[in-house]
Amino acid sequence: MPTLIIVGALWGDEAKGKLVDVLAHKAKWTVRYSGGNNAGHTVRTGGETFHFHLIPSGILHPDCTSVLGGGMVICPKALLEELQTTRSKAANLGELMISASAHVVFPYHRQIDALEESLRGDSKIGTTSRGIGPAYQDKAARTGIRMGEFVDPARFGPRLAETLEYKNALLKLLGGESIDYDELFDEYCGYAAQIKPFVADVEVRVNKAIREGENVLFEGAQGALLDVDQGTYPYVTSSHPIAAGACIGTGLPPGSVDNVLGVCVAYATRVGSGPFPTELFGDLGERIRVAGNEYGTTTGRPRRCGWLDLVALRHACRMNGFTSLAVTRLDVLQDFDSVGLCTEYEIDGETYDWMPSDSSILSRARAVYSMLPAWKGDIGGARRKDELPDNLLTFLKTIEEFTDRPVSMLSIGPSREQTIVLRPDLCWAN
């Protein structure tokens, strides 16, 4: 079982970073396949807290090579700052490699991102303004600058000059400030020199590792319902966080996928705009937010919170082919009186047990809940299934029956040790 893809099952922020860290001790490779520094994974280990935005969480394991895949868009400045911060907390890191096919995010991307969002008025989509969308626009338009060009001084200068001329004209139209070529070139040549040793044709290396039976862990960013094609469009990201994105963003043959782990929180969260049928308003939603510390790792924005949406989760199981589920942050609900699971929608007087693909229809959905008794007491010290409360086990069984997927892992706290493996055959773990 050499390949495992980890995917956020709903709208992201499902504590995937911790699970990648837990599972990476058995992996020889961890590969990030989409997105940029608009994502955020938090890992707590050894008394330190690590915030990853670009680097796979597997970097904390010295015997594991971490890869930034060709499906990513990478801000060089942010990458180097993240690497420096990580090294200051953990000197013994694994090897880092960057695909020559990955695209580079520049300051004009970030400025365009912020300007376009401000011009949307009341129709804002909730972008992080990190320049991710505009960088993917350049990729689709075949005008983007890729890592292989960026670290080659002979090619980078001419490519930047032709690109910046157009971008400055666009910035002027949008009401932004033009960018000086010489200043930008000098600054980014400095970044390129530092990044060049990491850049390689990693797709060849990763596929060779799979053929030789080495464990390769593919790490998704954001969540499946933010996929640009399959998510709640237009309130989505600009790439492919779904399991198929691992094939698109790394050159992984579909037939080489062994298992796909879908990660969901015991409740549901969403950052930014867009439909969210189970959103809770008032004191209850705020109670979940405070108990779960639900604030964005990248932006610090408060996350919208609600009960777990089983209709959306079953939809995600179908389009990702999850072979199992991991349920996280179960400790957050341990002192509630009851917990909700959405089992169907009511939309314009009709009942739906499936998730409409049209966001305008989904935005009118009223969630219908099955309320279950919550579990009381501190569960953070449990290390086996038989140490968990019966009410929690009933909650998990309900999820399994509705989605027709087994739950293979549980997270009952932020540390590595607060992880319970129920099906090691589906997720490598001991």
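This is a predicted model: local features need pLDDT of at least 70, side-chain atom pairs count only at pLDDT 80 or more; totals for chains, interfaces and linings use all residues.
Local features were considered at pLDDT of at least 70 and side-chain atom pairs only at pLDDT 80 or more, whereas totals for chains, interfaces and linings use all residues. Residues are numbered from 1 along each chain as its sequence is written, and side-chain values rest on heavy atoms, with hydrogens and water left out.

Helices (H or I, at least four residues) and strands (E, at least two) are DSSP runs numbered from the N terminus. Two strands are taken to pair if DSSP finds at least two bridges between them. By this criterion, an open sheet of 10 strands is present, with mixed pairing and the order β9-β7-β5-β2-β10-β1-β11-β14-β18-β19. Its edge strands, each pairing on one side only, are β9 (199-200) and β19 (419-421). Strand β1 (residues 3-8) runs parallel to strand β11 (residues 259-265), to which 5 bridges join it. Opposite isoleucine 5 stands valine 260 in β11.

Strand β18 (407-411) also belongs to this order. Its pairing with β14 is parallel, over 3 bridges, and valine 407 in β18 is the bridge partner of leucine 325. The pairing of β18 with β19 is antiparallel, likewise over 3 bridges, and methionine 409 stands opposite valine 421 in β19. Residues are classed as buried under 20% relative accessible area, exposed over 50% and partly exposed in between (1.4 Å probe, protein chains only). On this scale β18 is mostly covered, with 5 of its 5 residues buried. Helix α13 (residues 390-403) lies across β14 and β18, and runs at about 145° to β14. Such angles run from 0 to 180 degrees between N-to-C directions, the axes being lines fitted to C-alpha atoms, for helices over the stretch in contact; contact here means heavy atoms within 4.5 Å.

Nonpolar cores were defined as sets of buried Ala, Val, Leu, Ile, Met, Phe, Trp, Tyr and Cys residues joined through side-chain atoms within 4.5 Å. The largest such core has 75 residues, and Phe218, Leu330, Tyr345 and Phe395 have the most contacts inside it. Helix α11 (residues 310-320) gives the most to this core, contributing 7 residues. A second, separate core comprises 48 residues, including Leu68, Ile74, Leu80 and Ile179. In soluble globular proteins, nonpolar side chains tend to be buried together.

Aromatic rings of Phe, Tyr and Trp (its six-membered ring) were paired if their centres lie within 6.5 Å, with planes under 30 degrees apart counted as stacked, over 60 as edge-to-face and the rest as tilted. The count comes to 14 aromatic pairs. One of them is the stacked pair of phenylalanine 106 and phenylalanine 156, at 6.1 Å centre to centre with 10° between the planes. Phenylalanine 106 lies in the loop between β8 (103-104) and α3 (107-119), and phenylalanine 156 in helix α6 (residues 153-174), so the pair ties together parts that are 50 residues apart in sequence. Tyrosine 181 is partly exposed, with a relative accessible area of 27%. Phe106, Phe156, Tyr181 and Phe185 are among the members of one aromatic cluster, which also includes Tyr108, Phe150, Tyr188 and Tyr191.

With a disulfide defined as a pair of cysteine sulfur atoms within 2.5 Å, the count comes to 0 disulfides. For cysteine 64, the nearest cysteine sulfur is that of cysteine 427, 16 Å away; cysteine 64 is buried, at a relative accessible area of 1%. For cysteine 264, the nearest cysteine sulfur belongs to cysteine 317, 8.2 Å away. Cysteine 264 likewise counts as buried, at 1% relative accessibility.

Backbone geometry was also examined. The peptide bond from tyrosine 233 to proline 234 is cis, with omega near 5°, and proline 234 is found in the loop between β10 (216-219) and α9 (244-250). Arginine 329, a residue other than glycine, has a positive phi near 55°. It is located in the loop between β14 (324-328) and β15 (338-347) and is buried, with a relative accessible area of 17%. Aspartate 348 has a positive phi of about 50° although it is not a glycine. Its position is in the loop between β15 and β16 (350-352), and at 55% relative accessibility aspartate 348 counts as exposed.
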